[in-house]
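Please open the structure in your viewer and keep the selection tool at hand. This tour goes from stop to stop, saying at each one what to select and what is there.

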Amino acid sequence: MKYKIAVIEGDGVGPEIMNSALEILNTLTLPFEYIKLDVGYKKWMETGEAISQGDMDILKKCDATLKAPLYTPSSKEKNFSSVTLTIRKELDVYANIRPIKTFPGISPFTGLDLIIVRENTEGLYSGVEHSVNNGAVTERIITKASCEKICKYAFNLALKEGRRKVTCVHKANILKKTCGLFRETFFETAKDYPSIEAEETLVDACAYKLIRNPSSFDVIVTTNMFGDILSDEAAALTGSLGLVGSCNIGEKHAVFEPIHGTAPDIANEGVANPIGMIMAASYMCNFLGFKNEGEKIRKSVTEVLKEKKNLTPDLGGKLNTKQLTNKIKEVLIQKYLIQ
Ligand code: NAI
């Protein structure tokens, strides 16, 4: 039996780093069949549709999706909606898991190992906006059901991973209805997990503490936009946004991607750091039950980074994407595949 993996190559640096991830996966003996999907802004420019119902049906039929970043213009021209958000909502992958773990030798924050659990389908990214007189309104939708699901997910993950604490990050002092509901649900859920410490912090204080004392966090659970921003901030502690992979998990579907965007400033130069994408592939292996393979990928990445000499420019090195991928592949073969 083969697992069907939908592959979205993405925009900007997407195809470059996706090549790296597929090359690493193909080095291992995995029963994966890859189905490439062409979705996004370019397709929208050509056809008027960024992702078709047929594409969505394929995503839903696959066992997992491996996705590179997709471009979404910031200007309100042309009414283009983010394909990434559409996929997250349609597949109901409500939990966005972003492990922030430092690789030895790369970051001054040695041993940092926290997990950000971000609600992935609601909040300010619900896409409900309208213009009023001389302004505009964005609705921040927070439902009790989603709060329950994401808080439960965070505590279950903490239990599974042997974590000691879950921190609820909110702004309930100001956003009393939306963040208030999130906070209240968090503490209700916490009662079912007496062995895990439940604490709270306001989002602004959290942003500060992440820089001052990141090791004080273990698992963070938060709403959509706060999680998005805080995880980019936390990624800086690892040394580069290009190092962090993530999982989007729902009841029926799962999507794996790096946390960064299309990096337009370095696109087509072949110098993007592929590790976030490779780590996303490693998490996908774990999710599909190929834990040994996922672990071999993670260990190979760690080995290469530990030497401090095989780095892409974002980490102060001179290697390009392909060269770094080859180094990781070399270690994977030499250390973990040749018996
Ligand atoms: P970005 O994450 O693409 O880039 C921010 C900075 O990090 C840039 O300086 C970039 O060069 C650097 N960077 C990112 N990934 C890197 C890598 N692998 N190696 C080395 N350096 C890397 O954020 P930006 O510029 O705000 O967004 C660009 C586009 O990406 C936007 O259209 C946005 O909508 C999209 N985006 C897509 C996401 C997704 O598909 N999941 C997530 C975030 C943004």
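Predicted model: local features only at pLDDT ≥ 70, side-chain atom pairs only at ≥ 80, totals over all residues.

Residues are numbered from 1 along each chain as its sequence is written, and side-chain values use heavy atoms, with hydrogens and water left out.

**The sheet**

Helices (H or I, at least four residues) and strands (E, at least two) are DSSP runs numbered from the N terminus, and two strands pair if DSSP finds at least two bridges between them. With that in mind, select the open sheet of 10 strands, whose order is 2-1-3-12-11-4-5-10-8-9 and whose pairing is mixed. At its edges are strand 2 (32–37) and strand 9 (197–202), each of which pairs on one side only. On average, neighbouring strands of this sheet are turned by 25° against each other, direction ignored; axes here are lines fitted to C-alpha atoms, for helices over the stretch in contact, and angles run from 0 to 180 degrees between N-to-C directions.

Next, select strand 3 (residues 64–67) and strand 12 (residues 254–258), which run parallel and are joined by two bridges. L66 has F256 in strand 12 as its bridge partner.

**Helices on the sheet**

Then move to helix 7 (residues 203–212), which lies across strand 5 (113–119), strand 8 (165–170), strand 9 and strand 10 (219–222), and runs at about 100° to strand 9.

**The cores**

A nonpolar core is a set of buried Ala, Val, Leu, Ile, Met, Phe, Trp, Tyr and Cys residues joined through side-chain atoms within 4.5 Å; buried means under 20% relative accessible area, exposed over 50%, and partly exposed in between (1.4 Å probe, protein chains only). Select L25, L66 and F256, which touch the most other members of the largest core, a set of 69 residues. Helix 9 (residues 275–287) gives the largest share of this core, nine residues. Because domain 1 (1–94 + 244–339) and domain 2 (113–236) both give residues to this core, it lies between them; the domain bounds come from an automatic or database domain assignment. A second, separate core has 19 residues, including I100, L112, C179 and F226.

**Aromatic rings around Y41**

Rings of Phe, Tyr and Trp (its six-membered ring) pair if their centres lie within 6.5 Å, with planes under 30 degrees apart counted as stacked, over 60 as edge-to-face and the rest as tilted. The structure holds 13 aromatic pairs. Select Y41 and Y71, whose ring centres are 5.0 Å apart and whose planes are at 85°, so the pair is edge-to-face. Y41 counts as buried at 14% relative accessibility, whereas Y71 is partly exposed at 35%.

For a last stop, select Y3, F32, Y34 and F290, which form one aromatic cluster.

Note on methods. Contact = heavy atoms within 4.5 Å.
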